[in-house]
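Visitor: I'd like to go through some labels with you and see what stands behind each one. Can we start once the model is up?

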Amino acid sequence: MGRWNPAPTPAHSSLCLCSRLGPCLSRPAWRVGTCLAPEDHPWVMAAAVEGLEPRKTASASEDASRPAVETVGAGPGPPPLLVGNRLNLDLYPEGCHQLLHLCAQHGQHLLQVEFLRLSTHEDPQLLEATLAHVPWSLPRLRSLVLKGGQNRGALGACLQGTLTTLPTGLSGLAYLVHLDLSFNSLETLPACVPQLRSLDALLLSHNRLSVLPETLGALGVLTFLTVTHNRLQKLPTALGALSALQQLDLSENLLDTLPPEIGDLSSLTELNLASNRLQSLPASLAGLRSLRFLILHSNLLTSVPASLAHLPLLTRLDLRDNRLRDLPPELLDAPFVRLQGNPLGEASLDCLSPPGTPQVLEMPSLFLTSDLDSFPVTPQGCSVTLACGVRLQFPAGATAAPITIHYRLWMPEPGLVSLGPHDSLLSSVLELWPHGVAFQQDVSLWLLFVPPRARRCREVVVRTRRDNSWSDLETHLEEEAPKRLWARCQVPHFSWFLVVLRPVSNACLVPPEGTLLCSSGHPGVKVIFPPGATEEPRHVSMQVVRMASRELQALLGEPEAAVSPLLCLSQSGPPSFLQPVTVQLPLPPGVTGFSLDRSRLYLLHRAPPAATWDDITAQVVLELTHLHARFQVTRFSWYWLWYTTKTCVGGLARKAWERLRLHRVNLLALQRRRDPEQVLLQCLPHNKVDATLRRLLERYRGPEPSDTLQMFEGEEFFAAFERGISVDADRPDCVEGRVCFVFYSHLKNVKEVYITTALDREAQAVRGQVSFYRGSVPVEVPQEAAAARQRKGADALWMATLPIKLPRLQGLKAHGKGASFSLAPLNLGNAETGFLTQSNLLSVAGRLGPDWPAVALHLGTPYRELQRIRHEFRDDLDGQIRHMLFSWAERQAGHPGAVELLVQALEQSDRQDVAEEVRAILELGRHKYQDSIRRTGLASEDAAQPGTSASQSTEPAQA
């Protein structure tokens with residue numbers, strides 16, 4: 001097979017990253033947050049993301065010419081902290097003390113260090129004193145990474161480092177080409193930075209910079225500059241002097257204008273100005289003849305120069321979420337322009353206002369990216385769009401003083417979701433805090449929700465929690481697109497919020513004089529409150545739920561059976577009324593007051609939280625008219641009229657009520673075609689199964705769906721892998737290998753997991769299964785045999801079992817993992833120490849997940865190569881891992897120590913589990929090698945079987 005060679009990438013594209021966001025499904029990582037669309041990934045530059053990588057994935061910009069890293073152990077020579085020519089002290093606590101200790105030894109090995117990483121979560125004075133030693137202790141330094149962001153606050157946000165300046169002596173680092181100062185507390189650019197004339201890449205993200213100095217123009221060879229997530233209000237005119245600059249990221253700042261000199265950046269290929277306050281663009285942008293990507297979303301633009309359409313290399317112009325009401329025709333029809341979120345074609349508000357009307361100042365707008373979980377609010381007010389799509393509007397004066405608002409989007413689970421018996425959940429759970437903070441004016445909140453399948457006699461509301469109780473807010477629906485709906489409400493405080501579909505609720509305030517409450521969806525349902533029913537006004541509400549006659553008749557096996565709508569009454573205040581309240585219900589369909597048989601008419605009552613229905617016909621006086629039945633009560637509860645020949649009506653009513661709340665579903669278990677170890681588990685409404693399978697079967701394959709089951713909204717269940725198969729990762733939703741689920745009929749009840757087996761897949765395929773059980777994961781998980789015995793029980797916990805097959809590892813070369821690649825056959829190692837084959841490396845690649853950058857660096861992969869792999873395979877985590885591992889393996893062909901280097905790199909990256917797996921493979925290979933020697937008669941006399949001479953054992957080899 002031929003060598004796998006990736007397509008070439010543009011110059012410096014290796015500095016573009018998406019590692020912070022990660023793919024939508026990574027092995028085995030689980031992260032909170034929302035993934036960017038694939039087409040947006042090229043725009044995420046290195047500086048915006050490096051600070052959020054795990055601490056163990058330390059990296060620095062490295063010389064691509066160095067093929068490997070030799071880890072130096074204890075004993076004479078360099079200290080163990082030094083790996084090759086790299087010194088990664090951000091991995092260790094008290095890194096400054098470690099560096100000072102090394103400098104005090106005056107070792108010659110420090111003179112060879114070219115790459116230094118140091119955490120800035122240190123005492124500021126100690127940090128400054130430590131950095132003062134760098135120029136003369138590490139004179140050949142080429143890459144210096146001084147970043148914060150490794151520590152997190154109580155709310156999970158990345159903390160900035162303590163670095164506020166740099167010693168002036170750092171300007172003496174004549175070889176420095178890469179400087180990363182991200183996630184620090186810089187308010188001004190240190191004076192020594194513009195003096196680093198060899199600097200190629202400068203990263204200043206997540207600081208407090210409000211201005212850049214004019215001396216920045218002295219960096220004549222700078223090709224990469226990122227100053228995202230700062231407080232820049234203007235740019236220096238000297239920026240145009242950076243003639244070599246290729247990538248410039250100024251997103252998430254406060255820029256309202258751009259200097260005309262920005263058009264002098266003749267080498268610029270990528271320009272990101274997203275999430276600023278730009279209202280217009282200079283015409284000089286037409287001079288950026290090398291520009292390929294121009295990102296301007298989330299600004300205040302009202303116009304765009306038509307000359308942008310004539311940039312010869314431009315392939316993406318992102319103008320989303322601005323204030324563009326019209327656009328030059330050249331741009332309006334261009335295929336590379338993105339315009340969503342603009343009021344194109346709408347009339348300006350100024351045109352609609354009468355002459356002399358005072359203009360209202362525009363409210364500031366904030367557009368949060370996925371790496372931010374908080375935002376500031378001032379008395380001036382603001383409009384905020386969160387990365388998850390939620391929108392908030394704080395009117396002027398809502399807060400008396402500045403306040404920082406935090407948010408988090410939770411996956412729904414019973415502890416966070418409050419649903420009534422007939423409610424359906426339509427959204428995730430949004431938490432906004434500080435909790436309970438009262439605003440002086442109501443804040444507007446827009447929540448995205450899944451469009452419900454049926455809206456008849458139902459309504460969408462926003463539900464919130466306060467003081468351990470849930471309440472529904474007055475909600476208005478707004479439609480942005482046929483399948484993009486918003487629930488808008490006014491909130492007086494912050495807490496948890498979710499969108500719910502419930503039966504239509506009618507409510508009123510009952511005064512002492514009495515009143516009448518009618519159902520808006522069922523005119524025949526009324527509640528009459530006489531005078532004196534209450535001494536103090538109290539709130540009452542009603543909900544009405546219908547049941548189809550055919551469902552009831554099928555349940556009872558009685559063609560003439562019928563029921564009225566189910567009525568739920570609730571109130572605030574004392575449990576009882578002072579005077580009887582009259583309730584009117586329509587008679588069951590097909591029944592009239594003049595023709596019915598009163599012995600077949602039953603009034604049923606349910607008192608929550610009990611699930612039983614009691615027959616109270618003999619305890620009340622039923623007044624019948626031609627179409628209605630009336631009765632009086634002093635307490636509110638649930639009421640239901642039944643007309644049937646059956647006698648034990650209470651038990652039948654309970655079954656019918658359950659039928660009203662049950663959803664018919666099917667369970668899926670599909671394996672990804674290119675990676676059978678990746679399994680998709682999903683619980684789908686029965687009517688969506690066929691369409692979902694048609695969409696998935698291009699990438700997945702597996703058994704037929706389970707038989708149709710019935711589940712309640714919010715019901716818990718779990719999936720258990722059995723017969724030698726288990727989950728291959730620690731997940732927050734996984735308990736002892738059992739994956740927890742909660743069924744919500746309108747949400748995607750889907751999870752993808754990676755599985756493994758302890759059985760020998762080289763000998764034969766592993767045929768396992770996944771079983772689904774009701775309820776939460778028990779303390780003692782059910783045994784397979786016990787589950788099998790319960791399968792036919794009336795109250796069985798077992799729901800379904802679907803087969804799972806892991807193919808033989810030998811077959812993975814042509815199917816599954818390696819199908820889409822052309823990889824050269826590989827045999828790392830030797831016969832005595834053991835071989836690692838292509839299949840073995842594929843297995844290792846499948847286990848690394850997001851830890852692969854740390855492994856790559858410990859294997860000696862240059863930093864630039866690491867960045868290039870991340871950029872080129874930004875939508876494919878598996879592709880990143882395989883490309884890195886096989887590229888390294890091909891370079892190591894014929895090196896006897898390659899396998900041991902891989903094991904050491906895995907151990908240094910805290911992947912002892914994979915290292916032990918590799919050792920087990922090597923041990924198995926050695927045993928097979930010895931067995932083959934014995935079989936061919938090449939073993940020594942001591943190794944021959946008892947009773948067999950050496951001359952006899954050599955005959956097969958000669959034959």
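Visitor: Why is Arg-488 called partly exposed?
Guide: This is a predicted model, and in it Arg-488 has a relative accessible area of 23%. Buried means under 20% and exposed means over 50%, so Arg-488 at 23% falls in between and gets the label partly exposed.

Visitor: What makes Arg-488 and Glu-478 a salt bridge?
Guide: Their side chains come to 2.6 Å, N to O. The cut-off is 4 Å between a side-chain nitrogen of Lys or Arg and a carboxyl oxygen of Asp or Glu, so this pair counts. Glu-478 sits in strand β23 (residues 476–481) and Arg-488 in strand β24 (residues 484–491), so the bridge ties together parts ten residues apart in sequence.

Visitor: And why is Glu-478 called partly exposed?
Guide: Its relative accessibility is 28%. That value lies between the 20% and 50% limits, therefore Glu-478 is partly exposed.

Visitor: How do you know that Arg-502 and Glu-459 form a salt bridge?
Guide: The N to O distance is 2.8 Å, and the limit is 4 Å, so the pair passes. This one links distant parts of the chain: Arg-502 belongs to strand β25 (residues 496–503) and Glu-459 to strand β21 (residues 458–466), 43 residues apart.

Visitor: What makes Arg-882 and Asp-878 a salt bridge?
Guide: Here the N to O distance is 4.0 Å. The rule says within 4 Å, so the pair is listed as a salt bridge. Both residues lie in helix α13 (residues 877–891), four residues apart, about one turn of the helix. Arg-882 and Asp-878 are also both buried.

Visitor: How many salt bridges does the structure hold?
Guide: There are 15.

How values were computed:
Residues numbered from 1 in each chain as written. Predicted model: local features only at pLDDT ≥ 70, side-chain atom pairs only at ≥ 80, totals over all residues. Heavy atoms only, no water. Helix = DSSP H or I, 4+ residues; strand = E, 2+ residues; numbered from the N terminus. Buried < 20%, exposed > 50% of the residue type's maximum accessible area, 1.4 Å probe, protein only.
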